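I opened this entry to look up a few local features and write down what I found.

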Amino acid sequence: MKLSQLAQHFSLTPPSLDAEFNDVAPLQEAGQHHLSFISDRKWLEPLLSGQAQAAAYLLPAELAPALQQAAIPHLVTPTPAWHIASAGVLLGRHTLTVPGIHASASIDPSARLAPGVTVGAKAVIEAEAVIGADTVIHAGAVIHQRSQIGARCIIGSNSVIGFDGFGYEYAQGGHQKISHLGTVIIEDDVEIGANTTIDRARFGATRIGCGSKIDNLVQIAHNVEIGRHCLIVAQVGIAGSCRLEDGVILAGQAGLVPHVTIGRGARVAAATGVAGSVPAGVTWSGWYGQNHRDNMSQLAALRALPAFMKKVHSFLKQWEKAPTE
């Protein structure tokens, strides 16, 4: 592929110097037939000094003059990391799935699959499930009965959509299972990583909003509502009936107790335990979660505590030795 062809495909400004490449690679590993990228000024020096040997580079506009002056082929983009990954796909380097329905997949006759759906090996789609156009369901994933998945979604390997939520009532001397009669609704352009579970609602629907991206090993409990364009990172646990408004980010291993609301655009730091609702637009951290600045102040004070206690003990010893009237 030529750099000019890539520019045309993504409607980017054509390069002043063209180049040909047949693969993509990070800066440190790129050779004469690779397309590479930089997104930070710190990588200009190894590139300009000749330590990097790629055929061409993708980079943001503020870094382009240096390459222009050095007559190095490049393409300007505001999102070089995304565009180089997309270039890899165009070159056929993305082979996680083979289009179509694998022979070993199990699909109930009452399930409805729109055109362009891909189903991997040993995936299961149960009765009355609905799968939107061009959605990809990877090997081993299970879509339980009546779950609804929109168009252009990705469901990672071994993920489970629509299994019963975790609900019991103590009666007759034991924990009696509460049947979950609802469903899961996943809107368009949602991506779900491998080994993630999204439980069906007790009543109504557990809902994942359009454009949200969910990592591997995430647990989303019954009746959770996740807004549009949220990011949920690995090992997050979201308890029942929580509500995430649009644009929320939950970093890895964050945990939410039941019935909390995370406001629009809020960010929850890694390993934060959220025991109450989080206002819109803030960053929350710590255990239990609070405003990030407050948490950092408390951590700084805690780290200073040993030195402070040494001073207190020294003062007490001096006071004990002081003569009394």
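I looked up what covers the buried residues of α4: the cover includes α1 (3-9), β1 (23-24), β2 (34-37) and β3 (56-59). The model is a predicted one. In α4, residues 80-90, I noted Pro80, His83, Ile84, Ser86, Ala87 and Gly88 as buried. Residues three or four places apart in an α-helix point the same way, because a turn takes 3.6 residues. Just after α4, I found Gly92 with a positive phi of about 85°.

**Helix α5**

Next I checked the length of α5, residues 292-321. Its 30 residues should span 44 Å at 1.5 Å a residue, and its end C-alpha atoms are 44 Å apart, so the two agree. I also looked for a bend. α5 bends by about 45° at Leu305, and Pro306 follows within four residues.

**The sheet**

I traced an open sheet of 8 strands, with parallel pairing, in the order β6-β9-β12-β17-β20-β23-β26-β29. β6 (112-113) and β29 (261-262) stand at the edges; each has a single partner strand, so one side of each lacks a neighbour in the sheet. I then picked one pairing. β17 (183-186) and β20 (205-208) run parallel over 4 bridges. Thr183 has Ala205 in β20 as its bridge partner.

**Aromatic pairs**

I found 2 aromatic pairs in the structure. One of them joins Phe166 and Tyr168 edge-to-face, 5.1 Å centre to centre with 70° between the planes. Tyr168 is partly exposed, at 40%.

Definitions and conventions
Residues are numbered from 1 along each chain as its sequence is written. This is a predicted model: local features need pLDDT of at least 70, side-chain atom pairs count only at pLDDT 80 or more; totals for chains, interfaces and linings use all residues. Side-chain values use heavy atoms; hydrogens and water are left out. Helices (H or I, at least four residues) and strands (E, at least two) are DSSP runs, numbered from the N terminus. The expected span of a helix is 1.5 Å times one less than its number of residues. The bend at a residue is the angle between axes fitted to the seven residues ending there and the seven starting there. Buried means under 20% relative accessible area, exposed over 50%, partly exposed in between (1.4 Å probe, protein chains only). Contact means heavy atoms within 4.5 Å. Rings of Phe, Tyr and Trp (its six-membered ring) pair if their centres lie within 6.5 Å; planes under 30 degrees apart count as stacked, over 60 as edge-to-face and the rest as tilted. Two strands pair if DSSP finds at least two bridges between them.
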